Amino acid sequence: MLPKTYRKVIASHFSSHFREAATIVEAELLPPAAHEITVRNHYAGVNATDVNISAGSYTPGSQPPIDLGAEMVGEVVAVGEKVTEFKVGDYAATNSLGGYAEYVTVRSRYAMPVPEATPEVLSLVISGTTAAIGLKVTGEMRTNETVLVTAAAGGTGQFAVQLAKLAGNQVIGTCSSEDKAELLRQLGCDRVINYRQEDVGAVLKAEYPRGVDLVYESVGGQLFDTCVDNLAVRGRLVIIGYISEYLSAPEMVTRPRIYRTLLSKSATLRGMFLLHFIKQVPEQMAELVKLYTAGKLQAAVDGRTFRGVEQVADAVEYLHSGRSSGKVVVTFAG
């Protein structure tokens with residue numbers, strides 16, 4: 001028997017300050033339409049870009065309220081009459097807005113079957129698929145390359161490190177603490193740079209004088225500039241985010257235009273926004289689940305516990321504090 005109502009987190013107004021925008025509301029739980037499924041949320045993923053969602057950046061032209069949260073995994077508890085891909089009792093993951101809710105109802109084609117509803121499987125939904133598509137599709141990753149991953153111990157960086165290693169590459173990862181550095185070593189990172197103890201640019205120039213072939217970059221700011229300066233000939237830099245500016249106004253810089261650096265190396269910058277690759281997500285997700293199930297891919301989950309809609313804002317602020325390691329997760333019914 002399903003409840004008549006459920007709780008969820010919405011943005012009552014738009015703001016990049018998540019806690020200010022977020023409001024917990026109670027909504028009616030309606031039966032799924034013909035092509036929909038209803039999933040009882042077990043775990044919701046916390047992403048750096050949650051503050052962009054709460055600011056309305058992903059829903060241009062819309063007016064609040066909008067549902068918050070970008071991904072979840074749970075148990076299918078009701079299916080529409082025309083749904084054939086799922087049955088009650090199956091596990092499903094979604095990467096559509098509304099993940100910070102006790103129940104989620106979506107069209108079945110927007111859900112992905114998964115073998116279990118765990119934090120580890122959840123971490124593959126956005127963090128894992130972003131890494132896979134960013135490296136393999138946008139970055140055109142090959143073998144025997146030097147790959148640099150920034151924020152490498154984060155939710156998506158951890159997968160970029162492992163996928164680059166599985167492809168047969170030399171992997172460099174940046175992080176901010178010794179605990180994170182140890183995680184990266186466990187994941188197979190060849191050279192860990194703790195930027196609080198070492199200068200990233202100096203290390204790259206001294207140890208990788210020919211430059212870096214592929215960069216998976218999510219930090220922005222000065223670290224982005226350092227990555228550009230250390231690209232190899234025909235190097236590719238994939239931009240999947242710029243977390244250093246998510247909570248502030250864009251930093252204004254004055255320096256020679258970037259084409260001077262890029263042209264001299266035949267190097268390229270490539271943006272990768274997951275929503276533009278949404279049709280490729282199910283295939284990549286299936287491959288990631290296969291690697292994880294076979295023990296070839298680890299999924300590090302942060303040890304801090306957050307529970308229910310009441311602690312969603314705490315979880316988002318914790319991620320942005322820089323203290324997290326691995327995927328930050330909010331537990332609902334797991």
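Strands are DSSP runs of at least two residues, numbered from the N terminus. Arg234 lies in one such run, strand S13. The model described here is predicted.

Arg234 has a positive phi of about 65 degrees, although it is not a glycine. Most residues other than glycine have a negative phi, and most peptide bonds are trans. Arg234 is also exposed, because its relative accessibility is 64% and the cut-off for exposed is over 50%. Ala151 is another residue other than glycine with a positive phi, near 50 degrees. Its place is the loop between S9 and H4. Ala151 counts as partly exposed, with a relative accessibility of 32%. A cis peptide bond is found between Pro64 and Pro65, with omega about 10 degrees. Pro65 belongs to the loop between helix H2 (50-54) and S4.

Strand S4 takes part in an open sheet. This sheet has three strands in the order S2-S1-S4, and the pairing is antiparallel. Strand S2 (22-28) and strand S4 (66-67) stand at the edges. Each has a single partner strand, so one side of each is left without a neighbour in the sheet. Strand S1 (residues 5-11) pairs with S4 over two bridges, in the antiparallel sense. At one of these positions, Ala11 has Ile66 of S4 as its bridge partner.

Strand S9 (residues 146-149) runs parallel to S10, and four bridges join the two. Here Val149 stands opposite Gly173 of S10. The path from S9 to S10 includes helix H4 (residues 157-166), and the three elements make a right-handed β-α-β unit. S10 is also joined by four bridges to strand S11 (residues 191-194), again in parallel. In this pairing, Ile172 has Arg191 of S11 as its bridge partner. S10, helix H5 (residues 178-186) and S11 make a right-handed β-α-β unit.

Aromatic rings were examined next. A pair of aromatic rings is described by the distance of the centres and the angle of the planes. The count comes to five aromatic pairs. In one of them, the ring centres of Tyr6 and Tyr103 are 6.5 Å apart. Their planes stand at 75 degrees, so the pair is edge-to-face. This pair links distant parts of the chain, with Tyr6 in strand S1 and Tyr103 in strand S7 (residues 103-107), 97 residues apart. Both Tyr6 and Tyr103 are buried. For Phe306 and Tyr318, the ring centres are 5.6 Å apart and the planes are at 50 degrees, so the pair is tilted. Phe306 lies in strand S15 (residues 306-307) and Tyr318 in helix H10 (residues 312-320), twelve residues apart. Phe306 and Tyr318 are both buried.

Thr118 sits in the loop between strand S8 (111-113) and helix H3 (119-138). Thr118 counts as buried because its relative accessibility is 16%, and the cut-off for buried is under 20%. The side chain of Thr118 reaches the backbone nitrogen of Val121 at 3.1 Å. Leaving out residues up to four places away in sequence, Thr118 touches Tyr43 and Val73.

Asn230 occupies the loop between helix H7 (221-229) and strand S13 (231-239). With 8% relative accessibility, Asn230 counts as buried. A polar atom of the Asn230 side chain lies 2.8 Å from the backbone oxygen of Thr226. Beyond its neighbours within four places in sequence, Asn230 is in contact with Gly201, Leu204, Lys205, Gly211, Val212 and Lys265. Lys265 is 35 residues from Asn230 in sequence, and the two are 10 Å apart in space, C-alpha to C-alpha.

Terms used: Residues are numbered from 1 along each chain as its sequence is written. This is a predicted model: local features need pLDDT of at least 70, side-chain atom pairs count only at pLDDT 80 or more; totals for chains, interfaces and linings use all residues. Side-chain values use heavy atoms; hydrogens and water are left out. Buried means under 20% relative accessible area, exposed over 50%, partly exposed in between (1.4 Å probe, protein chains only). A polar contact is a pair of N or O atoms within 3.5 Å; within protein, one must be able to donate a hydrogen and the other to accept it, and residues adjacent in sequence count only if both atoms are side-chain atoms. Contact means heavy atoms within 4.5 Å. Two strands pair if DSSP finds at least two bridges between them. A crossover is right-handed if, with the strands pointing away from the viewer, the path from the first strand over the helix to the second runs clockwise. Rings of Phe, Tyr and Trp (its six-membered ring) pair if their centres lie within 6.5 Å; planes under 30 degrees apart count as stacked, over 60 as edge-to-face and the rest as tilted.
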